[in-house]
Amino acid sequence: MSTATMAHVYPIDREELFAFLADPANLPRYYNGIVDLTVPARFTEPGDEVTFRYRVLGRTVDARARLLDRDPGVRLRTRSEADGIPSVEHDWHHEDVDEGTRVTVTMATDGVDSWFGRAIDRLVLPRHLEKDLARSLENIEELVALGFDRS
């Protein structure tokens with residue numbers, strides 16, 4: 001298992017940011033690698049699921065994310081799965097800070113089955129997933145800077 005934790009502060013109200021990030025329809029707007037949603041849904045209670053296409057290491061795979069836990073305005077925890085790549089759990093925490101909202105994300109990637117080959121999977125794939133998360137946090141920053149247009 002591979003784990004990475006990243007945090008970023010955004011100059012925006014916590015409730016507003018949480019509402020945007022907790023709506024799966026917005027995933028393609030900010031999460032790096034998500035191409036589109038194939039079955040849109042809402043994340044309102046545990047068990048809710050959304051399916052999407054995700055581009056990883058030159059391949060596009062069909063994936064699904066299931067809501068594991070939700071504390072409105074504070075926490076959103078999901079688990080994503082796709083054939084051939086490890087399952088990934090994201091735990092998003094939102095907290096008020098003087099500058100706005102701090103979002104801390106812990107990403108845990110399950111053990112890797114062979115997709116490209118064990119050495120590549122163990123070393124390259126988790127790093128790729130971490131880079132996608134880091135870029136996603138930057139994308140959120142850009143959306144906030146542009147006025148968080150919800151269109």
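This is a short tour of the structure, one selection at a time.

**Before you start**

You're looking at a predicted model, where local features need pLDDT of at least 70, side-chain atom pairs count only at pLDDT 80 or more, and totals for chains, interfaces and linings use all residues. Residues are numbered from 1 along each chain as its sequence is written, and side-chain values use heavy atoms, with hydrogens and water left out.

**Stop 1: the whole protein**

Show everything as a cartoon. You have three helices and seven strands to find, and along the sequence they come as β-α-α-β-β-β-β-β-β-α. Helices (H or I, at least four residues) and strands (E, at least two) are DSSP runs, numbered from the N terminus.

Of the 151 residues, 45% count as buried. Buried means under 20% relative accessible area, exposed over 50%, and partly exposed in between (1.4 Å probe, protein chains only).

**Stop 2: helix H1**

Select residues 14-21, which make up helix H1. Which residues of H1 are buried? They are Arg14, Leu17, Phe18, Phe20 and Leu21. Look down the axis of H1: its buried residues fall within an arc of 160 degrees, so they line one face of the helix. That arc is taken from the directions from the helix axis to the C-beta atoms. Also pick Asp13 at the start of H1, where one of its side-chain oxygens comes to within 3.1 Å of the backbone nitrogen of Glu15.

**Stop 3**

Next, select Phe52 in strand E3. Phe52 is buried, at 5% relative accessibility. Setting aside residues up to four places away in sequence, Phe52 touches a list of residues including Ile34, Leu37, Val61, Asp62, Ala63 and Ser80; touching, or contact, means heavy atoms within 4.5 Å. Phe52 and Asp62 are ten residues apart along the chain, and their C-alpha atoms are separated by 6.0 Å.

The structure holds one cavity of 30 Å³ or more, and the largest cavity has a volume of about 350 Å³. How many residues line the largest cavity? There are 26, and Tyr31, Ile34, Phe52, Ser80 and His90 lie nearest its centre. Helix H2 (27-30), strands E3 (49-56), E4 (59-71), E5 (75-82) and E6, and helix H3 (118-145) each supply at least two residues of that lining.

A cavity here is a set of points, on a 1 Å grid over the protein atoms alone, where a 1.4 Å probe fits but cannot get out, and lining residues have an atom within 4 Å of a point. Grid points are joined across faces, edges and corners, and the volume is the space filled by probe spheres set on the points.

**Stop 4: the loop from E3 to E4**

Move to Leu57, in the loop between E3 and E4. Leu57 is not a glycine, yet it has a positive phi of about 50 degrees. Most residues other than glycine have a negative phi. Leu57 is partly exposed, at 27% relative accessibility.

Now pick Thr60 in strand E4, partly exposed at 42%. The side chains of Thr60 and Arg55 are joined by a polar contact of 3.2 Å. A polar contact is a pair of N or O atoms within 3.5 Å; within protein, one must be able to donate a hydrogen and the other to accept it, and residues adjacent in sequence count only if both atoms are side-chain atoms.

**Stop 5: Leu68 and Thr78**

Is Thr78 buried or exposed? Thr78 is buried, with a relative accessible area of 8%, while Leu68 is partly exposed at 22%. Leu68 is in contact with Thr78, and also with Pro46, Arg77, Arg79 and Glu89, leaving aside neighbours within four places in sequence.

**Stop 6: Asp91**

Finish on Asp91 in strand E6 (residues 85-97). Asp91 counts as buried, at 13% relative accessibility. Its side chain makes a polar contact of 2.8 Å with the side chain of Arg75. Beyond residues up to four places away in sequence, Asp91 touches Arg75, Leu76, Arg77, Thr104, Val105 and Thr106.

Terms used
1 Å grid on protein atoms, 1.4 Å probe; cavity = no way out; pocket = protein on both sides within 12 Å on 5 of 7 lines; lining within 4 Å.
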